[in-house]
Amino acid sequence: MERWSGRVAVVTGASAGIGAAIAQELVKKGLKVVGLARREERVQELANSFKSAPGKLYPLKCDVTKEEEVKEAFKWVKDNLGGTDILVNNAGVASMNTLTDGPVENWRKIYDLNVLALSMCTKEALQSMKEKGVDDGHIVHINSVGGHTVADQAFMYCSSKHAVTALTEGLRRELVNQKSKIRVTSVSPGLVKTEIGIASGATPEIMEAFKDVPALEPKDIADAVIYILGVPPKVQIHELMIKPVGESF
């Protein structure tokens, strides 16, 4: 990780859970980390908690489903920090709904954040890397085991994560065709103890059902991202699936 010290990473959904854990571990490795979130104050609280770390966390308010806010965020990164070297697309949402009943608004929310926002941030990060002259940058998509299977009553969520799987391979091919050394990796966790269930409107009954199910901690995923970034530049870790021991799906 020494080669990343002093360089710039953008992490979406950095206010809690996996995003907050990734931001924290990157700061510990000496990176300048821009934490994008709608709840900027949560990222500021996180930044205040490790001021003595070798790197620095910069909170930035941004709704990544809105193209203009995404463009403004990456412009801020360019104007204040020189541009982007790493992007971690972590922001995401899930909800339990069906294809026969919807509601359609839930479908739209899932695709706006899990697919379109991820794609917009990727586009802006790649443009920033190009302008900066970076040819060893890295794009990390926080995917899901749901991107490789289908879970009951989570068909739309799983389909959005299947899209992330396809977008990862699509970007890899684009970068190969451009003879670029920028890498892209999909990280697919199983169940992780985060606020995504509550944020996605899960009922108390659903939350109770998952209470005793084996689950990972956010830091487990952050450690995986550090591993991915730390391998030699010639190594392409295309997909990394992480499950807790005992997971039944």
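Modeller: By the rule used here, the count is one cavity of 30 Å³ or more. This is a predicted model, where local features need pLDDT of at least 70, side-chain atom pairs count only at pLDDT 80 or more, and totals for chains, interfaces and linings use all residues. Residues are numbered from 1 along each chain as its sequence is written, and side-chain values use heavy atoms, with hydrogens and water left out.

Biologist: Thanks! What makes a set of points a cavity?

Modeller: On a 1 Å grid over the protein atoms alone, a 1.4 Å probe fits at the points but cannot get out. The largest cavity has a volume of about 40 Å³, a volume being the space filled by probe spheres set on the points.

Biologist: And which residues line the largest cavity?

Modeller: Among them are Thr12, Val64, Asn89 and Leu113; a lining residue has an atom within 4 Å of a point. Helix 4 (residues 104–132) gives the most, with four residues.

Biologist: Asn114 is in helix 4 too. Why is Asn114 called buried?

Modeller: Buried means under 20% relative accessible area. Asn114 has 2%, so Asn114 is buried.

Biologist: What makes the link between the side chains of Asn114 and Ser160 a polar contact?

Modeller: A polar contact is a pair of N or O atoms within 3.5 Å, one able to donate a hydrogen and the other to accept it. The two side chains are joined at 3.1 Å, and that counts as a polar contact.

Biologist: Which other residues does Asn114 touch?

Modeller: With contact meaning heavy atoms within 4.5 Å, and not counting residues up to four places away in sequence, they include Gly92, Tyr157 and Val164.

Notes
On a 1 Å grid over the protein atoms alone, a cavity is a set of points where a 1.4 Å probe fits but cannot get out, and a pocket is an open set with protein on both sides within 12 Å along at least five of seven lines; lining residues have an atom within 4 Å of a point. Helices (H or I, at least four residues) and strands (E, at least two) are DSSP runs, numbered from the N terminus. Buried means under 20% relative accessible area, exposed over 50%, partly exposed in between (1.4 Å probe, protein chains only).
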